[in-house]
Amino acid sequence: MELTLDRIYQATHLLKDCVRKTDIIPSALVSFNKNLHFKAENLQVTGSFKVRGAYFKIAMLPPEEREKGVIACSAGNHAQGVALSAARTGIDATIFIPSIAPLSKIEATRQLGARVELVDGVYDDAYKAAIAFQKESGGVFIHPFDDIDVIAGQGTIGIEILEQINGLEAVVVPIGGGGLISGVAFAVKKLNPQCKVYGVQAAGAGSMYQSFENNERVELSRLSTFADGIAVKSPGKTTFEICRQYVDEIVTVSDDETATAILTLMEQQKLVAEGAGAVAVAAVMFGKLPFLKDKKTCAIVSGGNIDVNILSRVISRGLLTTGRLSELKIQMLDKPGQLKEVSAIIADIGANVIKVMHNTGGENTDINGCYLHISMETKNKAHFCEVKRAIQNAGYRIVEEC
């Protein structure tokens, strides 16, 4: 079976009573792109776009296959999509989830009525376990991305975006295994061939990026990213072929850039995004696609199911990356008034000291020397540099910074 526009329109009709037609939200990030919009799939019924493909695939199953139940593997979002879809259609679901997935996603899947099996490792390990179980049980495997009906379900996002934004010039899409961008790129290019489609991956999980560059599917030996929703070692065969035909370019972003995007979305847009959901925004913010600056662009915020424990770390990393949370280690003499003077310098420039630690000097310092560790809140990196210069101009030696 081949992907067609008719199949995507069929999915659009079928999904009307199951999923939300999520909002297009104008961006407040005008310094990066004055015509940027967000497709808020993080506000979808399961907190992610994944329910679209899962529901369409399951709804299209014939009665004899429904009786056998469905099986899936997922880092969390596809799992919730399959669990909800199975519950609404009265089908049993068994879902294999890698143990690294956030607890919030695992528990949400259980609460939707699915049987959950945790597998040590990453998505690919869960996939192998799910396939083995499928052979034993005879159930229907619902692939998270490399399936025409799943791709067609995700492609409904592309149709919605074109209906919601007149004169759209570019779409920026997160990539894991490639199901989302395959569906979106196919729909967009068929309906508006002039519109560009760009993909974004985490630098530590760039399997589609490397495959795209090498013009053949690449399997990574390891993954390194907190964006668990797009941590896939190898893209799908079908998704890679569709991407090769319909995607214009793929770029990568670092985890620090993704963390900054999550923080920015929270502060300026009041949107909560998970790592996988924020990579498209990170690519725009950090100039990975500089030619989009004046183009009418839509960045898909694909999911918002971020674990609160991870979120606290992400916020801290985002503050550090943008220079709003800074630390200095200052070498000085251990005598009265030193801390007061340094604190006054920092305060006069408008920064805020939030933590101070005082240690005596080591063997390579003066006998009466000491180190002052200061954590502070600053406006940005330029403000932090201003604080540093003022401290150095006052005669103090900075030996470490971050």
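The model is predicted, with local features requiring pLDDT of at least 70 and side-chain atom pairs pLDDT 80 or more, while totals for chains, interfaces and linings use all residues. Residues are numbered from 1 along each chain as its sequence is written, and side-chain values use heavy atoms, with hydrogens and water left out.

**Helices α4 and α5.** Select residues 77-89 (α4) and 103-111 (α5), whose axes lie 9 Å apart at an angle of about 10°. The helices are therefore roughly parallel (angles under 35 degrees). Next, display N77, A79, Q80 and A83 of α4 with K105, A108 and T109 of α5, which make the contact (heavy atoms within 4.5 Å).

**F186 and Y246.** The whole structure holds four aromatic pairs (ring centres within 6.5 Å). In one of them, F186 and Y246 have ring centres 5.3 Å apart and planes at 75°, so the pair is edge-to-face (planes over 60 degrees apart). F186 belongs to helix α8 and Y246 to helix α10, 60 residues apart. Both residues are buried (under 20% relative accessible area, 1.4 Å probe, protein chains only).

**Y198 and F291.** Move to Y198 in strand β8 and F291 in the loop between α12 and β10, 93 residues apart.

**K329 and Y371.** Finally, select K329, whose charged end sits over the ring of Y371, 4.4 Å from its centre (NZ of Lys or CZ of Arg within 6 Å of the ring centre and within 35 degrees of the ring normal).

Key: Axes are lines fitted to C-alpha atoms, for helices over the stretch in contact, and angles run from 0 to 180 degrees between N-to-C directions. Helices (H or I, at least four residues) and strands (E, at least two) are DSSP runs, numbered from the N terminus. Angles under 35 degrees count as roughly parallel, over 145 as roughly antiparallel, 65 to 115 as roughly perpendicular and the rest as oblique. Rings of Phe, Tyr and Trp (its six-membered ring) pair if their centres lie within 6.5 Å; planes under 30 degrees apart count as stacked, over 60 as edge-to-face and the rest as tilted. Buried means under 20% relative accessible area, exposed over 50%, partly exposed in between (1.4 Å probe, protein chains only).
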